[in-house]
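Student: Could you walk me through reading this fold, one feature at a time?

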Amino acid sequence: MATVTRLFDSHTEALDAVSKLEASGVDHDKISIVSNNADNWHAASGDHKAGPLGDRNGDGENDVADGAGKGAATGGLLGAGAGVLAGLGMLAIPGLGPVVAAGWLASTAVGAAVGAAAGGATGGLLGALKEAGHSDEEANVYSEGVRRGGTLVSVKADGDERERLQSILDDSRGYDAVTRGEAYRQSGWSGFDAEAKPYTHEQIVEERARYR
């Protein structure tokens with residue numbers, strides 16, 4: 001089974017892609033989402049206005065996760081039923097800082113981080129992406145993408161479904177590692193550094209503006 005991953009600059013586009021995958025018949029157990037949360041899009045906290053996953057109705061719950069659990073449409077997004085979005089939660093991943101994540105890739109990333117701390121394989125998201133079958137180059141680009149404010153959507157795909165799932169993610173404005181890696185290298189980037197400081201909200205806003 002292959003893994004198809006795309007990087008999204010917009011949280012809402014990534015969430016829409018997840019909903020489209022589920023609507024196309026992909027089991028939510030095969031889908032994962034990992035998103036930078038430096039700009040507090042997941043909750044109404046901090047100095048920045050709550051994003052599409054904030055607690056906009058003031059009930060103390062994440063609006064999309066709360067609505068997804070009830071099978072309702074929230075924040076203008078497609079209703080996700082009891083899909084992967086209902087499991088969104090906060091995590092801290094080395095080199096990335098605070099992220100919002102759900103699904104198998106997030107679980108693997110946490111396990112990889114623990115293994116690295118104990119002297120095992122490469123930790124965090126980088127190790128999880130490699131374990132999922134991505135090349136070293138792809139894993140570095142996708143990890144750097146999350147560090148710079150992006151959102152990863154990954155889906156496990158049987159051989160005959162790979163092209164169809166790639167098309168869904170591409171049509172939702174997801175970027176592959178080749179395209180985004182070339183853009184990063186033009187600015188002197190050479191690889192993901194788990195010891196580097198996570199991007200600030202202001203740096204993420206500037207980074208996203210480069211690709212519009």
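**Reading the sheet, a helix and a pocket**

Student: Say I start at β3; how many bridges join β3 to β4?

Tutor: Five bridges join β3 to β4 (residues 97–102), and the two run antiparallel. Strands are DSSP runs of E, at least two residues, and helices are runs of H or I, at least four residues, numbered from the N terminus. Two strands count as paired if DSSP finds at least two bridges between them. Bear in mind that this is a predicted model, where local features need pLDDT of at least 70 and side-chain atom pairs count only at pLDDT 80 or more, while totals for chains, interfaces and linings use all residues. Residues are numbered from 1 along each chain as its sequence is written, and side-chain values use heavy atoms, with hydrogens and water left out.

Student: In what order do the strands of the sheet come?

Tutor: The general idea: strands of a sheet pair through backbone hydrogen bonds, either parallel or antiparallel. Here five strands make an open sheet, β1-β5-β2-β4-β3, with antiparallel pairing. β1 (2–8) and β3 (89–93) are the edge strands, each pairing on one side only.

Student: And what about β5, buried or exposed?

Tutor: Buried means under 20% relative accessible area, exposed over 50%, and partly exposed in between (1.4 Å probe, protein chains only). Six of the seven residues of β5 are buried. Seven bridges join β5 to β1, with R6 partnered by V153 in β5. Five bridges link β5 with β2, where S35 has T151 of β5 as its partner.

Student: How do I check the span of helix α1?

Tutor: The expected span is 1.5 Å times one less than the number of residues. For the 13 residues of α1 (residues 11–23) that should be 18 Å, and the end C-alpha atoms are 18 Å apart, which agrees. Buried residues of α1 include A14, L15 and V18.

Student: Which residues are closest to the centre of the largest pocket?

Tutor: On a 1 Å grid over the protein atoms alone, a pocket is an open set of points where a 1.4 Å probe fits, with protein on both sides within 12 Å along at least five of seven lines; lining residues have an atom within 4 Å of a point. Of the 15 lining residues, T3, R6, H134, E138 and R162 are the closest to the centre. β1 gives the largest share of that lining, five residues.
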